[in-house]
Amino acid sequence: TFVSRQAQSRKAQPSYSLTAPQFECPDMEDTLQNFSLFFNYALPLIILMVAYFIGSTIEKRHFANIRKREEAIHGFPVVSFNTMPEDWNASSANLVTGSIVISLDYFKRVIAGLRGLVGGRIKTYEPLLERARREALLRMTESAREQGYDAIFNVRLETSRLANARRDGKGTAGVEMLAFGTAVKLQSRFG
């Protein structure tokens, strides 16, 4: 019959689908799995190592620069006495300051965080604080010399955590070191 032929012709019509044909390619799956492993494990390690080498290079250069500048001001009296030594006869005095903000590189910050979990001495912060202290003292001394002063007494250092490394308010992204003291112009150093 006519109706049954129409029903059969409808059933016999091929269906057209917009899905892509499925090919099995084990090499492609292995390649994708290798890329996934690389991006999940190897890439973060590579980034940490690059951060370590860049941070170490910057730190070494900064220490070299500090040593060179310290040699240039060698012999300039900088003391922490509360009062001016009696043999100094000052004609004028003024407050001088030097400050620096300095930060750890990402690698050292990660290492410090791990060390903070188990406790103990955090060695990665020691060079940071040493660089900050020496740089702040240098800037204060250079400022006094530029203004024509001959010595600095009553030197003090202040440190503050500048920023948080994490959103929860913990961790240190950087520190500020402030050195300040009383700079004096000497009429005569000995009487």
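Colleague: Which residue forms a salt bridge with Glu-126?

Modeller: A salt bridge is a side-chain nitrogen of Lys or Arg within 4 Å of a carboxyl oxygen of Asp or Glu. Here Glu-126 pairs with Arg-121, and the closest N and O atoms are 2.7 Å apart. This is a predicted model: local features need pLDDT of at least 70, side-chain atom pairs count only at pLDDT 80 or more, and totals for chains, interfaces and linings use all residues. Residues are numbered from 1 along each chain as its sequence is written, and side-chain values use heavy atoms, with hydrogens and water left out.

Colleague: Is Arg-121 buried or exposed?

Modeller: Buried means under 20% relative accessible area, exposed over 50%, partly exposed in between (1.4 Å probe, protein chains only). Arg-121 is exposed, at 51%. Glu-126 is partly exposed, at 35%.

Colleague: How many salt bridges are there by this rule?

Modeller: The count is 7. One of them joins Glu-70 to Arg-134, with the closest N and O atoms 2.7 Å apart. That pair links distant parts of the chain, 64 residues apart: Glu-70 is in helix 2 and Arg-134 in helix 4 (residues 125-146). Helices are DSSP runs (H or I, at least four residues), numbered from the N terminus.

Colleague: What else meets Arg-134 in a salt bridge?

Modeller: Glu-130 does, at 3.0 Å, N to O. Both lie in helix 4, 4 residues apart, about one turn of the helix. Arg-134 is buried, at 13%. Glu-130 is partly exposed, at 32%.

Colleague: Which residues are linked in a network of salt bridges?

Modeller: Arg-69, Glu-135, Arg-139 and Glu-142.

Conventions:
Helices (H or I, at least four residues) and strands (E, at least two) are DSSP runs, numbered from the N terminus.
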